[in-house]
Amino acid sequence: MNLFHQIPLEIRWVVYVVAMIVFVSLFALFAIWLERKVAAWAQDRMGPMETGGFHGWSQTIADMIKLLLKEDIIPDAADRGLFKLAPYIVFTSSFAAFAVLPFAANLIGSDLNIGIYYIVAVSSLVVISIIMAGWASNNKWSLYGGMRAASQMISYEIPVALSLLVPILLVGSLSMQDLVKVQAGGFWNWTIFGNALGRGSILQLPFTIVAFIIYFWASLAEVNRVPFDLPEGESEIIGFHVEYSAMRFGMFFFAEFANMFLVSGVAVALFLGGWHAPFPFLEVSAETSLIWCNVIGTFWFIGKALILVFIQMWLRWTLPRLRVDQLMHVCWKVFLPFSFANVLIVSLLVVIS
Amino acid sequence: MELILFIITALVALVSAFMVITRRTPIASVLYLVLTFFCLAVLYVMLGAQFIAAMQIVVYAGAIMVLFLFVLMLLSQRGAQTWEVAGPMRKWLGFAAAGGVLLVAATALQSVGVSDTVLDPEIGTVSSVGSALFRRFLLPFEVASVLLLGAIIGVVAMVKRKPYPSETEEGVEHGS
Amino acid sequence: MTFNPSDILTIVPEIAVVALAMLVILTELLITRRETVLQLMTVAGLLVVMALAVLTFDKAGGAFNGMTAGDGLSTFMKALLAGIALLAVLMSRDYLTPPTDAGGEGRGVRHGEYYGMLLIATCGMMILVSATDLVTVFLGIETTSIALYVLAGIRSERARSGEAALKYFLLGAFATGFLLYGMALLYGATGGKTNLTEIGRAITDLGPDRPVYLYMGAGLVMIGLMFKVAAVPFHFWAPDVYQGSPTPVTAFMSAGPKAAALTALIRVFAGALPDLSAAWGPALWVVAALTMTLGNIVAISQKDIKRMLAYSSIAHAGYLLVGALAAANTGTYNSATAGIMFYLTAYYLMNIGAFTIAILVSRARENGDYQIDDYKGMAALHPWTSAAMALFMISLAGIPPTAGFFGKLYVFSAAVKAGYISLVVIAVLNSALSVFYYLRIVVYMYMQPEVKPARVRMAPAMALVIVICALGILKFGLLPGDLMRWADRSASMTVKPSPRAAVALNDHDQ
């Protein structure tokens, strides 16, 4: 530990950032393979089996090489600067949020005192880059796609933020680590089951569960997953990235998978105990071994997040897509009133107890 | 380190602010404005006002600028839309107005001088912003909510064409 | 610095108005026979609000850490504003639901939303009249303005209405910019103060070497407020907006926001910046003189009664500014403020009365316009309506024995006491000038042959408005004592202009 602290802060930052990029890349590679496997499973087929031998594990790598080698087409009429810039901004804004994701007790980029609010802030920048991409393509269909995506993401930001307020209210902090730490000691202490700071958990139980459900559904729309995948709608509707090809198109995909992990990670940190194990005996305390405490914590955090990612994929291959008006209807007339009521009741409970 | 960061951020903020007013396409102006706001947020962080910084990004870059982009894209597609300043007279008037504002700001700042008081490190945290908002500025906070409520109702009242919906079928209403 | 539950007492009228607004909007969704019920509800609610405003009369001093004051001035103005909203609501329903054979005036407006916006505007004005802090001044102005932008354009099917809303909005937003920039400069110049009494104290402490941008700040705030009062040269929006807006909204707009902004003007300039009066006094003097002169001269040539009343309202703003100037003087503060309160009450009654009759006459026309020629020979057909209109016109001109006369009398005598004799001479000359165009309508009604018979159909609510206005004008014109005493008492219980005296009333640690 002392050795660790002797390393200058700047170098630690750089190492962490590089580690995160490697992690996100590996995750994206894995998740794309997983998505195909889940799709195959849902449709009763095998999925990729050839590339790399075991269950086509290197299929994504092959695809990525293909994308890298493909011709990069920029439409003549496009606004070249913005067209090139947009995919990177999408990825940057979702990657920036990883800085405050608590992987383990000591493994976090920066435990900002506004951690969760920072995530909400930087992920709101995704909208701008999507509009940018749709507009810069100078194609009316990608413009429509961009508008659709922007209106959807702006709308769904509200229920997401409101349902995130529930754990924040219960814990009384915006710091990610504070939000995780109160959930120690077994899964019955997780925020989703209403326990925070040992306050009357049974009363809060229904509201925290509702908050979690609203968060999870609305975050699907935030990251444009089925059943809310209108902005992309690769197969039927033309989306904002219709003019993109080669690795620029790949960047959008990359960002989408990074975002999937991000929203799952936030859900895990705020509702599902973060890096805490479901049972106390499965954890290693920091006093026993600092290294193992963090390794085990990371294992639980990533494991739980991967389960949520899997559920997202599962939903994608199970549910049909919503129509655009139904999408807005669900947001403004179902999620929004429920999350408002939820926040109101939880704040009352906090005030009373 | 901090000084270098400050200089870079300030320079980017200034350059992008200049780009906002010199671009011919409104969309480009708006995007540069987003960059300016982003740099301002970084400056807030350096002042220790993290919450204000996040607020700056959520409210300005994430909400208001997106609205601007939305409106601009709804109005027309690219090509036809460039700023046209009618006549050199107006351009100089604009410069004069901007110069006047700069002059006022300069005189104001010049007489304030550099303060050597150390800022309270807690000044930008959530709790200090929250306690200012809910103690000293409780009434303005509530009035602001009435203001926003009025604005929301007003927009709906103005946009709605039909006095009362005759057909209440969902699809028809949303489609229009 | 902590929250004091008894502070809520000072904002009970505001809370009641907002609650009423939400109730009306929600009720519209639930009930079927909407129009009458909604109107009755709003009227009953506003009566309660008026009662609440009067009941909280005795609570003087600041509340909410000096953000707002429940003093005499604000209480009087709150009751008055509720009254303005009340009459505007009473005249609205028949305007919005025209007889089937008339032109399509006012179709396509949801009544609940309309009343809701009216009430939110009223709430904003109530905040504004009781504001003792720059923050609340700004929020009050914005709440009022946004609701009024919507009300001006609520009949989106008419191009005029949309034009009015857009003009009002664009110029209003511009004026807000001035106001905010001025406030920011005041904040900086006084070392981070927003409370009006604290600003006054800070300026006194600055002594003679005041920074230039303090004056700039005061000037910009003045421009912002002048715009809301529609004083020359910031009046350009007023005629178009008044003409294009739905007529009940015009009536409401010409009485309410003007009263509220004027109160804010008195509070900011007489309350916080008396030390700078050497600078802003002459400016206000010129503005007042220009406002009444230009308003009256242009009003003479108007053919449209709404435009005529718009210019007349500009002129009246000029008279009121004379009072505001006198209120900045410590010696005449009480009498000038009381005079303004009386004047505003009288102006509201006669103006709303005149607009109501304008609606009735326009409804009798197939094309639904507002030509002054339509009034020719009206007296033969409708003696009572014409008599009421004549009364309103005489009162607007300021001829005794009407409330308008006493309003002018009180305001001008306070100004004479404060030493603005030449300004009062200009004001009196202007009043004489205004007689010309006000009495022209009376002459048209009684002494001209009928051109097109205007069959006015009286609606009960409209009749009620006219009767209330006429009786009020006569009552305050023949026996002005009660109202004047109340106004005097209210004025004497106000946070005073002298910053030193107000410190004790409104002291709190920063």
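Of the two pairs of chains in contact, chains B and C share the most contacts, where two residues are in contact if their C-beta atoms, placed from the backbone, lie within 7 Å. The structure is a predicted model, in which local features need pLDDT of at least 70, side-chain atom pairs count only at pLDDT 80 or more, and totals for chains, interfaces and linings use all residues. Residues are numbered from 1 along each chain as its sequence is written, and chains are lettered from A and ligands numbered from 1 in the order in which they are written.

The contact between chains B and C involves 36 residues from chain C and 23 residues from chain B. On the side of chain C that touches chain B, at least two residues each are supplied by helices H1 (12–30), H4 (111–129), H5 (134–152), H6 (159–189) and H8 (212–229) of chain C; helices (H or I, at least four residues) and strands (E, at least two) are DSSP runs, numbered from the N terminus. H5(C) provides the largest share of this side, eight residues. By residue class, this side of chain C comprises 22 nonpolar, 10 polar and four charged residues. Here Ala, Val, Leu, Ile, Met, Phe, Trp, Tyr, Cys and Pro count as nonpolar, Asp, Glu, Lys and Arg as charged, and the others, Gly among them, as polar.

In the contact of chain A with chain B, 26 residues of chain A meet 23 residues of chain B. Helices H5 (115–123), H6 (125–136), H7 (140–171) and H12 (324–352) of chain A each supply at least two residues of the chain A side, and the largest share, six residues, comes from H6(A). The chain A side divides into 19 nonpolar, four polar and three charged residues. No contact joins chain A and chain C, and their closest C-alpha atoms lie 15 Å apart.

Thr144(C) is placed in helix H5 of chain C. Thr144(C) is buried, with 29 other C-beta atoms within 10 Å; a residue is buried if 20 or more other C-beta atoms lie within 10 Å of its own, exposed if 12 or fewer, and partly exposed in between. Neighbours within four places in sequence left aside, Thr144(C) contacts Ala121(C), Gly124(C), Met125(C), Leu128(C), Pro257(C) and Ala260(C). The C-alpha atoms of Thr144(C) and Thr122(C), 22 residues apart in sequence, are 6.9 Å apart. Ala432(C), in helix H17 (residues 421–447) of chain C, counts as exposed, with 12 C-beta neighbours inside 10 Å.

The largest nonpolar core has 211 residues, of which Leu81(C), Ala85(C), Leu118(C), Val322(C) and Ala415(C) touch the most other members. A nonpolar core is a set of buried Ala, Val, Leu, Ile, Met, Phe, Trp, Tyr and Cys residues joined through C-beta atoms within 7 Å. Helix H13 (residues 333–364) of chain C gives the most to this core, with 22 residues. A second, separate core of 131 residues includes Phe91(A), Leu143(A), Ile214(A) and Leu327(A).

In chain A, the axes of helix H2 (residues 9–42) and helix H3 (residues 59–69) come within 8 Å and cross at roughly 115°. H2(A) is therefore roughly perpendicular to H3(A). Axes are lines fitted to C-alpha atoms, for helices over the stretch in contact, and angles run from 0 to 180 degrees between N-to-C directions; angles under 35 degrees count as roughly parallel, over 145 as roughly antiparallel, 65 to 115 as roughly perpendicular and the rest as oblique. Leu29(A), Ile32(A), Trp33(A) and Arg36(A) of H2(A) make the contact with Gln59(A), Thr60(A) and Ile61(A) of H3(A).
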